[in-house]
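Open the structure in your viewer and keep the selection panel at hand. Each stop below names what to select and says what is there.

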Amino acid sequence: MKDWIGGKNSIYTAIGASNHTKKERQNDDYYATEPKAAELLLQQEQFHHTIWECACGGGHLAKVFQKAGHEVIATDLVYRGYGDPEPLNFLEETLEDFEGDIITNPPYKYALEFIQRALDSVKPGRKVAMFLKLTFLEGKKRKEFYQKTPPRTVYVSSSRLNCAMNGDFDTYKSNNAICYAWFVWVKGYQGNTIIKWIN
Ligand SMILES: C[S@@+](CC[C@H](N)C(=O)[O-])C[C@H]1O[C@@H](n2cnc3c(N)ncnc32)[C@H](O)[C@@H]1O
């Protein structure tokens, strides 16, 4: 198993028990993101050379980051033919001394937990970018979270991007009824959130 800088030591540190079994998490949480979403994000934001795609699925986002010259660490709870074959439960394990940024489209049911875990896993000043439904702005629990931990920028996708169940874009290509956005945190940022419109 490689660590994030390419060594062979065991990298994963258990960071607490979870109520959720691996089996539960494998339920239909795999919705691949149209790679264009990653291209649009890279046009707007600069990221650390090393990016951790911590719920990489089939690598639809990770491949774009790699192509753009980033070193990408790609992990997932379920190996889907891309990235590290060793499952990594992001809510229970982390990479030691990780210096880079985290970018993913998280499993929606655990999105808030993923954001919190990602912010805990990066250094101050580093970035966490999450591809989420725009409606993730709503909700009392989220409002409390945003008040303490505001994203620096929310990039709204004004023409719709697709997410396809099981990575099957042929079947789900017209399923673009949902508005998505990139939510970008800079760890430690306490100012107002800026909203921008992309594509
Ligand atoms: C919405 S899909 C997105 C896949 C990929 N990020 C993309 O954008 O194409 C969410 C992914 O999260 C993974 N996942 C769910 N729970 C996880 C966990 N606790 N730790 C790591 N990955 C998890 C699923 O296996 C699935 O591949």
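**Start at an arginine**

Select Arg152: at 27% relative accessibility, this residue counts as partly exposed. The terms here are buried for under 20% relative accessible area, exposed for over 50%, and partly exposed in between, with a 1.4 Å probe and protein chains only.

Before moving on, note that this is a predicted model, where local features need pLDDT of at least 70, side-chain atom pairs count only at pLDDT 80 or more, and totals for chains, interfaces and linings use all residues. Residues are numbered from 1 along each chain as its sequence is written, and side-chain values use heavy atoms, with hydrogens and water left out.

**The salt-bridge network**

Glu45 lies in the loop between H2 and S3, and Arg152 in the loop between H5 and strand S8 (153-157), so the pair ties together parts that are 107 residues apart in sequence. A salt bridge here is a side-chain nitrogen of Lys or Arg within 4 Å of a carboxyl oxygen of Asp or Glu. Helices (H or I, at least four residues) and strands (E, at least two) are DSSP runs, numbered from the N terminus.

For Glu45 the relative accessibility is 5%. Together, Glu45, Lys127 and Arg152 are linked in a network of salt bridges.

**Another salt bridge**

The count of salt bridges comes to three. Select Asp101 and Arg126 next: their closest N and O atoms are 2.7 Å apart in a salt bridge. Asp101 lies in strand S6 and Arg126 in the loop between H4 and S7, so the pair ties together parts that are 25 residues apart in sequence. Asp101 is buried, with a relative accessible area of 0%. Arg126 is partly exposed, at 22%.

**Helix H4**

Select residues 111-121, which make up helix H4. Which of its residues are buried? They are Ala111, Leu112, Phe114, Ile115, Ala118, Leu119 and Ser121. An α-helix has 3.6 residues a turn, so residues three or four places apart point the same way. Now show what covers the buried residues of H4: the cover includes strand S3 (50-53), S5, S6, strand S7 (127-133), helix H5 (140-148) and strand S10 (180-186).

**The ligand site**

Centre on the ligand. How many residues surround the ligand? There are 25, and the closest are Thr33, Glu53, Ala55, Asp76 and Arg80.

- Thr33: an N or O atom in its side chain is 2.5 Å from an oxygen atom of the ligand.
- Leu77: a polar backbone atom is 3.2 Å from a nitrogen atom of the ligand.
- Phe90: a polar backbone atom is 2.9 Å from a nitrogen atom of the ligand.

On its own, the ligand has 590 Å² of accessible area, and the protein covers 99% of it. Accessible areas come from the Shrake-Rupley method with a 1.4 Å probe; for residues, only the protein chains shown count as cover.

**Two loops with positive phi**

Select Asp97, in the loop between strand S5 (93-95) and strand S6 (101-104). Asp97 has a positive phi of about 55 degrees although it is not a glycine. Its relative accessible area is 56%, so Asp97 is exposed.

Go on to Asn166, in the loop between strand S9 (163-165) and helix H6 (169-172). Asn166 is not a glycine, yet has a positive phi of about 55 degrees. This residue counts as exposed, at 52% relative accessibility.

**Zoom out**

Finally, show the whole protein. The secondary structure comes to six helices and 11 strands. Of the 199 residues, 47% count as buried. The accessible surface is about 10,100 Å², and 48% of it belongs to carbon and sulfur atoms.

Notes
A residue is near a molecule or strand if one of its heavy atoms lies within 4 Å of it. A polar contact is a pair of N or O atoms within 3.5 Å; within protein, one must be able to donate a hydrogen and the other to accept it, and residues adjacent in sequence count only if both atoms are side-chain atoms. Contact means heavy atoms within 4.5 Å.
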